[in-house]
Amino acid sequence: MIAGARALRAAIFDHVLDAQVLSAILGINYKVVTLCDYLRYAQHREALLRVSQERRNLLPLLPEIENVYWSRKDLFSRKLWVLDGRKRTIVDYVRFNTAKNPFHSFESRAAFRWLCKAQLTVVRRWVLEEGGCKDIVVLENLAQANISVHIPAIAWCHLVDMRPRIMQLGVGEVAQRLYRAFAVHCANLWKERGFAAVKLWLRSEQADLGDVADWLIAEGGA
């Protein structure tokens with residue numbers, strides 16, 4: 001039976017699963033991929049693979065978008081995602097979104113550019129992971145903070161994670177200085193002590209930006 005199961009598995013990979021489609025699905029969410037998930041995405045193979053080839057880092061956005069829009073060649077264009085003086089775009093409509101926590105259009109081009117250039121793992125965190133917030137305020141602050149130091153993806157994920165207390169700071173210099181200070185510390189720690197030290201520090205209470213935000217809101221900002 002074990003040999004038969006192995007043969008069946010090999011046959012599925014040889015004759016059923018498309019390696020390109022499976023690769024794109026793993027880009028969306030690599031943790032759990034069922035055969036039902038595969039079949040659901042395979043129905044839209046052409047659109048899925050085009051996004052994978054052109055904007056692979058934005059693949060995690062697809063499950064949150066109604067699949068009738070996946071075939072649009074301008075799906076991730078500025079016209080659809082940035083207000084540019086308009087009151088709303090198609091992104092703001094219920095029919096565009098599949099999730100209870102919908103997308104909202106961006107106020108600035110810079111924030112959308114930041115998302116388009118972000119690493120796939122960071123985009124996935126912003127959209128899909130537990131606590132994924134899709135909060136535009138986070139990206140607006142990160143775009144305007146002009147962080148120039150290099151930090152690992154896990155640190156970027158920490159920054160885009162949902163932090164309700166940081167959201168209270170809004171878009172402004174206070175939040176942006178906090179992000180810059182955090183990034184500089186991560187960069188120095190990474191350079192001096194390595195990735196393991198950064199990972200350990202991010203799990204500690206010292207890396208809880210919410211506590212810092214509480215102080216900034218109460219008196220630190222002033």
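Trainee: What makes the pairing of D84 with R78 a salt bridge?

Mentor: The closest N and O atoms of D84 and R78 are 3.6 Å apart. A salt bridge needs a side-chain nitrogen of Lys or Arg within 4 Å of a carboxyl oxygen of Asp or Glu, so D84 and R78 qualify. Before we go on, this is a predicted model, in which local features need pLDDT of at least 70, side-chain atom pairs count only at pLDDT 80 or more, and totals for chains, interfaces and linings use all residues. Residues are numbered from 1 along each chain as its sequence is written, and side-chain values use heavy atoms, leaving out hydrogens and water.

Trainee: Why are D84 and R78 called partly exposed?

Mentor: Partly exposed is the range between buried (under 20% relative accessible area) and exposed (over 50%), using a 1.4 Å probe and protein chains only. D84 has 38% and R78 has 41%, so both fall in that range.

Trainee: How do you know that D161 and R125 form a salt bridge, and what does the pair tie together?

Mentor: Their closest N and O atoms are 2.7 Å apart, which meets the cut-off. D161 sits in the loop between helix 9 (153-160) and helix 10 (164-167), while R125 is in helix 7, so the pair ties together parts 36 residues apart in sequence. Helices here are DSSP runs (H or I, at least four residues), numbered from the N terminus. D161 counts as buried because its relative accessible area is 13%, whereas R125, at 23%, is partly exposed.

Trainee: How many salt bridges does the structure hold?

Mentor: There are nine. Among them is the one between D37 and R40, with the closest N and O atoms 3.2 Å apart. D37 and R40 both lie in helix 3 (residues 35-42), three residues apart, about one turn of the helix. An α-helix has 3.6 residues a turn, so residues three or four places apart point the same way. There is also a network of salt bridges linking R72, D74 and K79.

Trainee: What is the nearest side chain of opposite charge to R50, and why does R50 have no salt bridge?

Mentor: That side chain is E54, and it is 4.3 Å away. Lys and Arg count as positive and Asp and Glu as negative, with His and the chain ends not counted. The limit is within 4 Å, so R50, although buried, has no salt bridge. R50 belongs to helix 4 (residues 45-54), and its side chain reaches the backbone oxygen of W70 at 3.1 Å.

Trainee: Why is T89 counted as buried?

Mentor: Its relative accessibility is 4%, which is under 20%, so T89 is buried. T89 is in the loop between helix 5 (78-81) and helix 6 (109-117). The side chain of T89 reaches the backbone oxygen of L80 at 2.6 Å. Not counting residues up to four places away in sequence, T89 touches K79, L80, V82, L83 and S105.

Trainee: What makes helix 8 mostly covered?

Mentor: Eight of the 10 residues in helix 8 (residues 136-145) are buried, including I136, L139 and L142. At the start of helix 8, a side-chain oxygen of D135 reaches to within 2.8 Å of the backbone nitrogen of V137. D135 is itself buried yet has no salt bridge, with K134, the nearest side chain of opposite charge, 12 Å away. After helix 8 comes N146, whose phi is positive, near 55°.

Note on methods:
Helices (H or I, at least four residues) and strands (E, at least two) are DSSP runs, numbered from the N terminus. Contact means heavy atoms within 4.5 Å. A polar contact is a pair of N or O atoms within 3.5 Å; within protein, one must be able to donate a hydrogen and the other to accept it, and residues adjacent in sequence count only if both atoms are side-chain atoms.
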